[in-house]
Amino acid sequence: MTVTTTLTSRPRKIRNTILSLNGALWALQILWGFFFAGSGFGKVLLYDAALYEAAPRAVAWYAAVPQSLIVFIGVAEVLGGIGLILPAMTGVLRKLTPLAAAGLALTMVLAAGFHLVRGEYALIPANVVLGAVSAFLAIGRWNLRPTTPATLTTPRLLKAIAVVAVMALLTFAPTWYTMTHAQF
């Protein structure tokens, strides 16, 4: 009886550890996914010339970057944010999740270098935190706790559509409204 208790309690301990790491990864994926999607969408909206001209009054570094580069960074952030969530959630092309996280980490390293060169030291800690957590997500989903592969089923597809709809309602719509109706 003692052996049975020991054998059954040990796997539970390991399983709880794995679940807590998995839970932490999921929580960070969702937070970072929504953050990057929203932040990136704000940059994508700068394709509009009037918004681009007004933007440096709100964010000083926009004046030093060409409009097309800001929009490109925005598209990369939106796709990276979505990539943190959807492939892992559906189980389809699941390796895109750690690749999205690695791409976002690289974006933050480049952003920190850009701000360092410009002497904008106050912006660097945010880049470091965003990049470090993105790197943790990349390592976590690539090596430590990869998601399980799955085939795309109707329920998984509906969940993915629901996530994109929630993302649109909670990040894209408010960002669009703020950027198009705000007085810079």
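Helix axes here are lines fitted to C-alpha atoms over the stretch in contact, and the angles between their N-to-C directions run from 0 to 180 degrees. With that in hand, α3 and α4 pack at an angle of about 150°, their axes 7 Å apart. That makes α3 roughly antiparallel to α4, the label for angles over 145 degrees.

A word on the ground rules. The model is predicted, so local features need pLDDT of at least 70 and side-chain atom pairs count only at pLDDT 80 or more, while totals for chains, interfaces and linings use all residues. Residues are numbered from 1 along each chain as its sequence is written, and side-chain values use heavy atoms, with hydrogens and water left out. Helices are DSSP runs (H or I, at least four residues), numbered from the N terminus.

**Helix α3**

Helix α3 covers residues 67-90, and its 24 residues should span 34 Å at 1.5 Å a residue; the end C-alpha atoms are 34 Å apart, which agrees. The expected span is 1.5 Å times one less than the number of residues. There is a bend of about 35° at G83, with the proline P87 following within four residues; the bend is the angle between axes fitted to the seven residues ending at a residue and the seven starting there. After α3 comes G91, with a positive phi near 80°.

**How the helices pack**

| Pair | Axes | Angle |
|---|---|---|
| α3 and α4 | 7 Å apart | about 150° |
| α4 and α5 | within 8 Å | roughly 160° |
| α3 and α6 | within 10 Å | roughly 150° |

α3 passes α4 in a left-handed crossing, meaning that the near helix is turned anticlockwise from the far one by less than a right angle (clockwise would be right-handed). Contact, defined as heavy atoms within 4.5 Å, involves residues of α3 including G83 and P87, and residues of α4 including L104 and M108. This contact divides into nine nonpolar, five polar and one charged residues. Nonpolar covers Ala, Val, Leu, Ile, Met, Phe, Trp, Tyr, Cys and Pro; charged covers Asp, Glu, Lys and Arg; the others, Gly among them, are polar.

Helix α4 (residues 96-118) also meets helix α5 (residues 124-144), and their crossing is left-handed. Among the residues in this contact are L104 and M108 of α4, and L130 and W142 of α5. By class, the α4 and α5 contact has 16 nonpolar, five polar and one charged residues.

Finally, α3 crosses helix α6 (residues 154-181) in a right-handed manner. The contact includes I82 and I85 of α3 with V163 and F172 of α6, and it has 10 nonpolar, two polar and two charged residues.

Notes. Helix = DSSP H or I, 4+ residues; strand = E, 2+ residues; numbered from the N terminus. Parallel < 35°, antiparallel > 145°, perpendicular 65-115°, else oblique.
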